[in-house]
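Please consult the sequence and the model alongside the points below.

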Amino acid sequence: MRKLAFALAMLASPAAATGLNIQIEGEGANGTVVIDLFEDLAPGHVEQIAALAAEGAYDGVVFHRVIEGFMAQTGDVKFGKLGEDMRRAGMGGSDRPNLKAEFSDAPFDRGIVGMARAADPDSANSQFFIMFAPGHFLNGQYTVIGQVTEGMEVVDQIKRGKGRNGTVVGQPDVMTKVTVTE
């Protein structure tokens, strides 16, 4: 019985995760996005993202910063929940510690998922972004954690923000449910 419980725990463990399914709803995007996570490139980041997803921390989190021709950012589990004060969205992370950078040679092409961070390279926590177009100026400066394998047409429909910083005004699109896949 103990072996069975251990085996089931290992199957449910975020460390076994290889991807995310993200249900998105809103004024812009409605549908599912599938992301393949790159454990080989960023094991620490993937472990943290998968653990947060498994806990349900990303459910109800908005896309708070969306810049046309660049990227859509989400993942602020502290201040980015739908229905909260959106002026603070993007300023938080999670209760977990920040992550040491795991830079790689993987280029920031269309559909690549990267970790958002502050000025300190080791300040990534829970926020991530999906590239609308190549952004090779990010190469080697931000951690690549995965790539969209299905649903890029949904990503393309995410409600765009305003101004240079891409702050979403009004009702932002939201990740209603984020689940870990194997």
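Helices (H or I, at least four residues) and strands (E, at least two) are DSSP runs, numbered from the N terminus. Helix 2 is followed by Gly56, which has a positive phi near 85 degrees. The model is a predicted one, in which local features need pLDDT of at least 70 and side-chain atom pairs count only at pLDDT 80 or more, while totals for chains, interfaces and linings use all residues. Residues are numbered from 1 along each chain as its sequence is written, and side-chain values use heavy atoms, with hydrogens and water left out.

- Nine strands make up an open sheet with antiparallel pairing, in the order 3-9-1-2-8-6-7-5-4; two strands pair if DSSP finds at least two bridges between them.
- Strand 3 (61-62) and strand 4 (65-67) are the edge strands, each with a single partner, so one side of each has no neighbour in the sheet.
- Strand 1 and strand 2 run antiparallel and are joined by six bridges, and a hairpin of five residues connects them.
- Within this pair, Ile24 has Gly31 of strand 2 as its bridge partner.
- Strand 1 is also joined to strand 9, by seven bridges in an antiparallel arrangement, and Gly19 stands opposite Thr181 in strand 9.
- Strand 6 and strand 7 are antiparallel and share three bridges; Val113 has Ile130 of strand 7 as its bridge partner.

**Helix 2**

- Helix 2 (residues 43-55) has 13 residues and should span 18 Å at 1.5 Å a residue, which agrees with the 18 Å between its end C-alpha atoms; the expected span is 1.5 Å times one less than the number of residues.
- Its buried residues (under 20% relative accessible area, with exposed meaning over 50% and partly exposed in between, for a 1.4 Å probe and protein chains only) are His45, Val46, Gln48, Ile49, Ala50, Ala51, Leu52 and Ala53.
- These buried residues pack against several strands, among them strand 1 (19-25), strand 2 (31-37), strand 8 (144-150) and strand 9 (174-181).

**Cavity and pockets**

- On a 1 Å grid over the protein atoms alone, a cavity is a set of points where a 1.4 Å probe fits but cannot get out, and a pocket is an open set with protein on both sides within 12 Å along at least five of seven lines; lining residues have an atom within 4 Å of a point.
- Grid points are joined across faces, edges and corners, and a volume is the space filled by probe spheres set on the points.
- The whole structure holds one cavity of 30 Å³ or more, and the lining of the largest cavity includes His45, Phe103, Arg117 and Tyr142.
- The largest pocket contains about 280 Å³ of space; of its 16 lining residues, His64, Met86, Ala89, Asn165 and Thr167 lie nearest its centre.
- The second largest pocket has a volume of about 160 Å³, and its lining includes Arg65, Phe70, Arg117, Phe137 and Tyr142.

**Arg88**

- Arg88 lies in the loop between strand 5 (71-74) and strand 6, and its 41% relative accessibility makes it partly exposed.
- Beyond its neighbours within four places in sequence, Arg88 is in contact (heavy atoms within 4.5 Å) with Asp76 and Phe79.
- Arg88 and Lys78 are ten residues apart in sequence, and their C-alpha atoms are 9.2 Å apart in space.
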